[in-house]
Amino acid sequence: MALAGLSKSEKDEHCVCFAALALHDGGAEINADSIKAMVEATGNEVEAYWPMIAAKFFTSGDNCKNLIVKPGGSGGGGGGG
C-alpha cells in the first residue's frame, strides 16, 4: 500500500497500525514506546498521540487478533427470498 496518497492523519493511522501488527507478529510487547520505536525505525513520523491511541486499542481484549482474523467486518444480510 502506498502511503504517499494519504492525508497526514490517514498516514499516521496506517503507520501505527502496521507497527502494532508487526510487533504482534514478532511476539513483541505492544505499547506506545514500542509502536513509536517501530514507526521511527521505518523512517516515518507520526503525531505524538497516535502510538498511545494504537497501544490502547491493540491491547484491549482481542482487538489485534480480531483485526487479523476478521478483516473488514461483517457485510449486510443477504436478501431472503
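In what order do the elements of the protein chain run from the N terminus on? They run α-α-α-α. The model is a predicted one. The protein chain holds four helices and zero strands.

Some totals for the protein chain are set out below.

| Property of the protein chain | Value |
|---|---|
| Residues that count as buried, of 81 residues | 23% |
| Contacts with a separation of 6 or more that join residues 24 or more positions apart | 48% |

**Helices H1 and H2**

Helix H1 covers residues 8-25 and helix H2 covers residues 32-41. The two pack with their axes 9 Å apart and at an angle of about 110 degrees. Angles of 65 to 115 degrees count as roughly perpendicular, so H1 is roughly perpendicular to H2. On the H1 side, the contact is made by Cys 15, Val 16, Ala 19, Ala 20, Ala 22 and Leu 23. H2 contributes Ser 34, Ile 35, Met 38 and Val 39. By class, the residues of this contact are nine nonpolar and one polar, with no charged residue.

**Helix H3**

Helix H3 spans residues 49-58, and its residues Trp 50, Pro 51, Ala 54, Ala 55 and Phe 58 are buried. Why do the buried residues of H3 line one face of the helix? Seen down the axis of H3, they fall within an arc of 130 degrees, and therefore they line one face. The face turned away from this buried side carries Met 52 and Lys 56, which are exposed.

Methods
Residues are numbered from 1 along each chain as its sequence is written. This is a predicted model: local features need pLDDT of at least 70, side-chain atom pairs count only at pLDDT 80 or more; totals for chains, interfaces and linings use all residues. Side-chain values use heavy atoms; hydrogens and water are left out. Buried means under 20% relative accessible area, exposed over 50%, partly exposed in between (1.4 Å probe, protein chains only). Contact means heavy atoms within 4.5 Å. Axes are lines fitted to C-alpha atoms, for helices over the stretch in contact, and angles run from 0 to 180 degrees between N-to-C directions. Angles under 35 degrees count as roughly parallel, over 145 as roughly antiparallel, 65 to 115 as roughly perpendicular and the rest as oblique. Ala, Val, Leu, Ile, Met, Phe, Trp, Tyr, Cys and Pro count as nonpolar, Asp, Glu, Lys and Arg as charged, and the others, Gly among them, as polar. The arc is that of the directions from the helix axis to the C-beta atoms.
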